[in-house]
Amino acid sequence: MNVIESKPYEMLIGERWCAGTEGRTFDTFNPATAQVLAQVHEAAERDVDAAVLAAHEAYQEHWRKTTPAQRGRLLRRLADLFERDREKIAWIETLNVGKPITHSLDSLKAMPASLEYFAGIIPAARGETIPVANQDVLNYTLREPLGVCALILPWNYPMTLTVNKLGPALAAGNTVILKPSEVTPLSTMALARLIEEAGFPPGVVNVVNGSGATVGERLVTHPLVSRVSFTGGTVTGARILASTAADVKRVTLELGGKSPLIVFDDAALDKAVAVAAGDLIKNSGQVCIACTRLLVQETVRDEFLARLQTRLKAVRVGSPEDPATEMGPLVSATQKDRVEQYIRIAAEEGALPAQYGSVESAPEAGFFVKPTLLLDSKVDMRSAQEEIFGPVQSVISFRDEDEALRMANRSRYGLAAVLFTRDGGRALRMARGIQAGSVAINTGVRTSFDAPFGGYKQSGIGKERGLEALYENTQLKNVKYDMSV
Ligand code: NAD
């Protein structure tokens, strides 16, 4: 399927598809071959300003006055168009992100349903009447949109993360500017075409491309942007928090993680192994909620490890275009270097790195790293504390429930946690004690568009997805009316 444009990708600003005013372009790559895949026009600061202005005018003149039914209809139309082009977008992500095609297709399956879900819950963005003490006063609340929202995306799940930010922002009545990662902008450009085809008025959705330091920074500090929703690394998130502080903007941050998978001695071992292996393999471990610390009770450690190693030895690493491939490359040379450096650090601090799987049908130049376990890790090692964002898991033993909980919480992150035990009381005690935004018991953490998601500690601020995402895109006004007058 020929899904990549040969001419440089233009940006969508208001009703115009355009190049940047300074005429610059940048390359985007196919990580499986390390070859240039396409060129993309880069926004100058005044292009970012033009996009913000277009979003502001669309909000003031039109979008904030639309009815829930009108917004819902457009979101449903977009859902239908997405379904029509799902396979094409999946191929774009396979070529630009390096996800195996089977995984790209699977991860985009829920996108139309996500858009329909947010279309359906628009009426929930309503206020209530408050029975205040003063009976002469009618006191009620209104839930109102915020205005222009900047949605800033990382490279690991460009499309699912974009759709899950876009749906609630538009549903709540905001207009948006999308800023895809400069590493993987192509699927977002395909989505922008569908947004136009669906009939969203010009300016309601704009897309600008370029680096975080220039385009991203200009966007988040623009005075007409009232909300920033960011997904990416914790260091960048902290920087955005600082950049937006002077204007006291509304900020949602979905950041990094170092999630534990805790295996007790009464666990359904095969299922625990499948979840651990899945987290290592899926998107080459470049998943924010992936469990990267395997905490295993010492009495089942050997058996768990033996089964996990058997599974990992069979992993087919290779070309993402091959339907038999289970694991593709990392997204970039930078990411590959980072992961390999952490494997070296782990060895220096006393862990035992072991690699599995076979690299098949893959060009040598691609950014491949095999599935890696850091055996005999300790909870305080750098490699067990810092986010690596690749196919690497630290394996750590624990003695009992108390120690498991202490180790699980020994992290600056708190995005997710998984635990396997058949003891219901222990499962519930652990679920309560774990400091993380998502906890999964006897299954993997798999986010869904209709349940709230967001981290504790340095994994983020605020929630996305579910009803909370709609609220996160609104502000609440309290009104009182003195009826005695
Ligand atoms: P990144 O932080 O480098 O970049 C993310 C986005 O922010 C990019 O679009 C980038 O251009 C932009 N950006 C960079 N500096 C900026 C600035 N000063 N102002 C405004 N925008 C700026 O992240 P990445 O390397 O693309 O993605 C990997 C990270 O994302 C990992 O840490 C991962 O855990 C995290 N992530 C988190 C979630 C989640 O939901 N919690 C989901 C996916 C990825």
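What is the accessible surface of the protein, and what share of it belongs to carbon and sulfur atoms? In this predicted model, the accessible surface comes to about 19400 Å², and 50% of that area belongs to carbon and sulfur atoms.

**View 1. Overall fold of the predicted model.** The protein contains 16 helices and 24 strands. Its radius of gyration is 23 Å, close to the 23 Å given by the globule rule for 485 residues, so the protein is as compact as a globular protein of that length. Along the principal axes, the C-alpha atoms occupy a box of roughly 75 × 65 × 40 Å. Of the 485 residues, 57% are buried. Among contacts between residues at least 6 apart in sequence, 74% connect residues at least 24 apart.

**View 2. Charged side chains of the protein.** The protein carries 54 positive and 57 negative side chains. The centres of these two sets are 2 Å apart.

**View 3. The open sheet formed by β5, β6 and β24.** Three strands are arranged in the order β5-β6-β24, and their pairing is antiparallel. Strands β5 (129–130) and β24 (474–482) form the edges, each pairing on one side only. Nine bridges link β6 (residues 137–145) with β24 in the antiparallel sense. Within this pairing, Leu142 has Lys477 of β24 as its bridge partner. In general, the strands of a sheet pair through backbone hydrogen bonds, in either a parallel or an antiparallel manner.

**View 4. Burial of strand β20.** Strand β20 spans residues 416–420 and is mostly covered, with five of its five residues buried.

**View 5. The pairing of β20 with β12.** Strand β12 (residues 259–263) runs parallel to β20, and three bridges join the two strands. Leu261 stands opposite Val418 of β20.

**View 6. The pairing of β20 with β21.** Strand β21 (residues 438–441) pairs with β20 in the parallel sense, over four bridges. Here Ala417 stands opposite Val439 of β21.

Terms used:
Residues numbered from 1 in each chain as written. Predicted model: local features only at pLDDT ≥ 70, side-chain atom pairs only at ≥ 80, totals over all residues. Heavy atoms only, no water. Rg over C-alpha atoms; globule rule 2.2 N^0.38 Å. Buried < 20%, exposed > 50% of the residue type's maximum accessible area, 1.4 Å probe, protein only. Contact = heavy atoms within 4.5 Å. Areas by Shrake-Rupley, 256 points an atom, 1.4 Å probe, with all protein chains shown as cover. Lys, Arg positive; Asp, Glu negative; His and termini not counted. Charge placed at Lys NZ, Arg CZ, Asp CG, Glu CD. Pairing = 2+ DSSP bridges.
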